[in-house]
Amino acid sequence: MEDLGLKIFGAILTTIMAFTVGMTYGGIVRKLTARVQNRYGPPVYQNFLDLLKLQSKKTNIAHGFMGHMAPVWIIIAAVTVLMFIPILNGNLWFPNLSFHGDLIFLLYMMVFGSLGMALGAGQTGNPNSAIGVTRGLSQMVGYEIPFVLALVALMIQFQTTSVQDLTQVQHETGVWNAFANPFAFLAALLASLGMFRYSPFDIVGAPAELASGPVSEFGGKYLGTMMSGGAVFAFIKLTLYVHLFFGGAGNPDDSGILATLAGIGILLVKTFLLYMIPVFYGWINPRYRTEQAIRYFWGWPTALGIVGVLWAVFFN
Amino acid sequence: MENDKNSQKIVDYIGNFARKHSLFVLAYGTGCGAIEIPATMTSRYDAERFGIRGAATPRQADVLLITGYLSTKTLKRVIRVYEQMQEPKYVIGFGSCTVNGGMYYDSYNTINGLDQYIPVDVYINGCMPRPEAVISGFVKLQELIMAGKANNGEKYRENLEHYRSNQKKIIKNWKMPDYNW
Amino acid sequence: MTDLVKENILLNAVTSAFKIEGKVIRDRRVEVHADKNTVSSILLFAKKQLGYIHMNHMTCIDWIEQGEFELVYTIYHPVDKLTLFVKTRIDREIPVMENIDTIWDHANTYEREMREMFGIEFPGLVGEHDFILEDWDQIPPMRKEFDTHKYAAETFYTRPGREDAKDVREELSKRSGTVVPDFAKKYSRE
Amino acid sequence: MVREKETTLYIGPQHPGITGNMMVKLKVQGDTVVSAATHVGYLHRAFEKLIERRNWIQAFTLLCRFCVPEPDPMELTYARAVEELDNREVPERAKYIRVIVMELARMQSFMLWYAGQSGSAGLYLTPQWSVGDRNYILDLFEDLTGGRIYHMYIWPGGVRRDLPEGWTDKTLRTMDYIEKRLDEYNKILFDNTIFQKRAQGVGIVPKDKAIEWGVVGPVLRGTGIKSDVRIDEPYEVYDKIDFDVPTQEGGDIWARALVRKEEVRQSIRIIRQAIADMPGGAYYNKVSNPMKWTVPAGQAWAKTESVRGEIGFHVTSDGGNKPYRVHVKGAAYTHGVTVLEKILPGQNIADVSFILNSLGVCPPEIER
């Protein structure tokens with residue numbers, strides 16, 4: 001039973017860490033954005049204050065059952081996916097369920113949050129929400145293709161679908177997958193631009209077009225819960241990318257306190273740098289129209305993904 | 001939730017602290033004062049350092065900023081927007097024309113005195129108020145929030161009949177849903 | 001400016017074609033006075049024959065003492081840079097005017113506004129009746145007999161002045177020891 | 001993604017994408033607009049009625065509020081109409097000062113347009129820069145007139161006060177700074193491929209219909225027709241100053257953006273010339289007692305080129321001390337209603353706010 005206790009403790013620790021890191025990154029991005037825009041900017045912990053304020057709203061209106069469930073659904077989906085991805089490369093403190101899930105399963109699970117959002121937004125009856133959901137799903141169709149191609153390339157190259165094994169391979173050979181299959185990596189990187197929904201791919205909640213899209217009718221606690229879910233999802237995507245392409249973080253053979261802390265440090269550095277790519281891109285670019293965004297993803301990123309698959313098939 | 005002025009509970013204190021530092025302003029330029037809002041939000045005056053940022057829809061907003069005079073046609077929309085906002089919510093009257101009509105005191109289409117129709121927390125006077133004045137108005141609102149004195153939504157709920165009768169005096173064709181939360 | 005050649009040619013062209021009065025106001029400004037029934041044919045003539053293809057403006061002036069509305073159509077020639085005013089007067093009691101939004105599309109907006117603000121009817125004008133106002137049940141507000149101050153004072157809440165409000169001139173003169181000049185005294189608050 | 005079903009979508013009055021406070025009612029099929037209708041009146045303050053109750057000078061406090069982003073062209077146009085009625089001469093120096101004020105107004109309004117145009121496209125960096133830099137121009141106005149936004153500076157017969165000491169030097173320094181910054185803006189917005197992709201071929205105003213629809217200003221110049229009140233009917237001292245009027249072919253958002261981009265450079269050029277050529281002397285042909293001032297009976301039509309196009313004032317006097325009737329034609333009056341309703345069908349919903357900004361729709365000018 002000690003094992004189970006450790007697991008539960010690890011799971012709670014993982015969730016707290018994912019939430020904190022996701023929120024803090026959001027705050028850092030706000031601060032950096034402000035500096036780029038010649039401003040002083042809000043404090044780094046501003047997102048926590050916003051969340052606290054939203055959660056302490058005294059009235060909260062829900063539009064029907066799905067409107068009530070959508071934020072819960074999102075956070076459940078976020079925590080579930082979080083359990084299935086390796087946090088520190090098989091570190092004993094954060095084992096969670098990462099040994100049981102594989103990439104294909106993860107792909108399915110990551111859509112779950114959006115699905116909850118879609119159902120909830122549909123029930124609010126706001127046309128902006130409906131259009132926002134349609135746009136979100138269209139965009140997902142766009143970026144999922146290069147992303148899946150990149151993952152397929154990795155699966156073919158290393159003959160495994162397990163995230164754990166993919167990380168292990170990088171640890172053993174010392175070569176990051178980003179270099180082992182650069183085409184797949186680039187395809188996935190470009191797809192990540194759409195995944196993080198910064199400009200030019202913020203078409204879902206485009207303020208000048210759709211107010212704030214699917215979340216138009218959500219306020220107070222619901223919006224706060226969605227914000228937390230979003231923060232966890234950001235951390236999930238970043239960690240997954242780091243483990244798939246950047247050799248993960250931490251040493252699977254050493255689970256001592258120091259090694260764990262060092263692993264967390266490396267994870268933070270890698271995820272932050274990765275996070276900066278869509279953010280940098282977003283600072284200086286206006287927004288695409290929906291069909292332009294899809295055309296973008298089906299252009300170069302998809303081509304790179306196909307090359308990545310061919311590379312995996314013929315050169316390894 | 002009781003909000004005793006003298007003895008705030010620790011929960012209230014934390015809540016008020018968060019509310020104070022995170023004010024989502026509804027992006028609704030109801031009048032000409034809206035021209036100074038971009039200046040307030042952007043690089044020279046940068047209101048975001050106080051946690052003030054724009055919100056796109058009334059559901060997400062905390063502060064309704066009435067930027068200037070309200071025509072009767074807009075008043076109807078403002079009431080609708082105000083009622084959609086979630087409590088605790090605050091209203092800032094911006095510019096002289098919200099106080100007493102200002103230079104439009106004799107216009108047949110603008111209201112004089114915003115607080116007859118919706119409760120107002122803070123008035124910022126001037127025509128038009130400079131960004132510094134706007135920020136000082138927000139700081140004043142923050143002080144009120146921290147002292148637990150900004151209870152706009154409660155005031156509206158408790159005196160709903162008073163406000164309704166005033167509103168219906170002006171808006172002739174009343175086709176709006178009831179205030180139900 | 002100089003001899004106003006272009007202006008006189010224009011004036012002659014319009015006045016001789018329709019047998020109406022007109023005059024050259026100054027350089028680049030020519031006005032003609034027309035009967036309300038000929039206005040649309042003058043405008044069409046000016047647009048098709050003379051090349052006045054841009055309509056700048058369309059306004060209505062309420063001459064309450066004469067019991068008439070004056071309508072002024074301002075049209076412009078983009079090449080000659082001349083402005084032609086076509087003025088007409090219609091009865092204030094039966095305000096009906098020909099609809100010209102078939103000649104210029106954007107005349108529709110002006111006419112809708114006039115219908116709302118002066119109560120002038122334009123037969124065949126499309127568009128909702130509420131253009132600017134909403135649920136307006138008084139007389140059209142831009143008519144001279146509508147007293148906006150009285151209406152505002154009756155309808156809207158008037159905030160009473162402050163009890164301690166002071167007259168600025170008196171206060172300043174008291175503080176600085178100067179005398180309020182005579183001409184300023186009539187503006188003082190009693 | 002064309003679906004049979006039509007949805008009604010209201011953009012505004014409370015919507016982040018709308019310019020000011022108005023409403024566009026759209027019928028939408030999928031992502032495509034089928035029909036559009038403009039609803040205005042949310043900002044109706046009955047200015048024209050109120051001006052009839054004010055005397056000639058008091059009207060200025062109301063006038064400048066007609067269109068909030070650019071108050072000065074309104075003052076100038078009204079002042080010119082009143083001068084025409086009153087046969088009042090304007091001193092040469094005042095004319096130069098007016099030109100400088102006009103071009104500064106054009107620049108500050110350009111910067112707001114810039115923010116609106118890139119903000120509605122989803123680029124949030126340049127709005128922060130340009131609205132921030134706009135404050136430097138407003139500082140100049142503040143030094144000159146005492147007000148940031150509303151100035152009440154131009155009066156019939158001249159301007160209200162002379163240039164303060166050192167103001168011209170400060171203006172020239174600000175112009176140098178703005179010119180440097182404009183290069184940086186252009187790198188961010190105009191060199192951006194995504195902006196080009198979004199702006200090109202969208203919101204086309206056809207060249208053959210443009211004049212008939214009453215299109216004016218940069219929108220008309222964006223269709224390739226050279227039309228500018230400053231050269232068509234030179235007022236003040238624009239005929240003594242050397243400047244170009246840029247035009248572009250195409251009639252789409254991109255063409256209009258390029259026209260405006262070039263126009264603001266011309267403004268800088270005009271200001272530099274006007275400061276260099278400025279004569280001395282009086283700045284105000286004084287009205288003896290403005291409160292009792294009467295203007296001879298008559299009608300006058302004056303027009304001025306504002307940043308969004310031609311602004312016209314039709315001023316009628318019955319010989320009294322109050323205007324009998326003042327009717328304003330703003331540039332947005334046709335852009336915001338007729339033109340918008342005509343060019344929106346067939347566009348993507350994503351472009352509605354983009355087109356609104358590009359046409360320079362200013363609701364307070366439509367309903368006044």
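Student: How many residues does the contact take from chain D, and how many from chain B?

Tutor: The model is predicted. Two residues count as in contact if their C-beta atoms, placed from the backbone, lie within 7 Å. On that criterion, chain B contributes 30 residues and chain D contributes 28 residues.

Student: Which element supplies the largest share of the side of chain D that touches chain B?

Tutor: On this side of chain D, α2 (59–63) and α5 (125–145) each supply at least two residues. The largest share is six residues, and its source is α5(D).

Student: What is the division by class of the side of chain D that touches chain B?

Tutor: Tyr and Cys count as nonpolar here, and Gly counts as polar. With these classes, the side of chain D facing chain B has four charged, nine polar and 15 nonpolar residues.

Student: How many residues of the side of chain B that touches chain A are charged?

Tutor: The contact between these chains takes 27 residues from chain A and 19 residues from chain B. On the chain B side, five are nonpolar and eight are polar, while the number of charged residues is six.

Student: What radius of gyration does chain D have?

Tutor: The C-alpha trace of chain D spans about 70 × 45 × 35 Å along its principal axes. A compact globule of 368 residues would have a radius of gyration near 21 Å, and chain D agrees with this, at 21 Å.

Terms used:
Residues are numbered from 1 along each chain as its sequence is written. Chains are lettered from A and ligands numbered from 1 in the order in which they are written. This is a predicted model: local features need pLDDT of at least 70, side-chain atom pairs count only at pLDDT 80 or more; totals for chains, interfaces and linings use all residues. The radius of gyration is taken over C-alpha atoms; the globule rule is 2.2 Å times the number of residues to the power 0.38. Helices (H or I, at least four residues) and strands (E, at least two) are DSSP runs, numbered from the N terminus.
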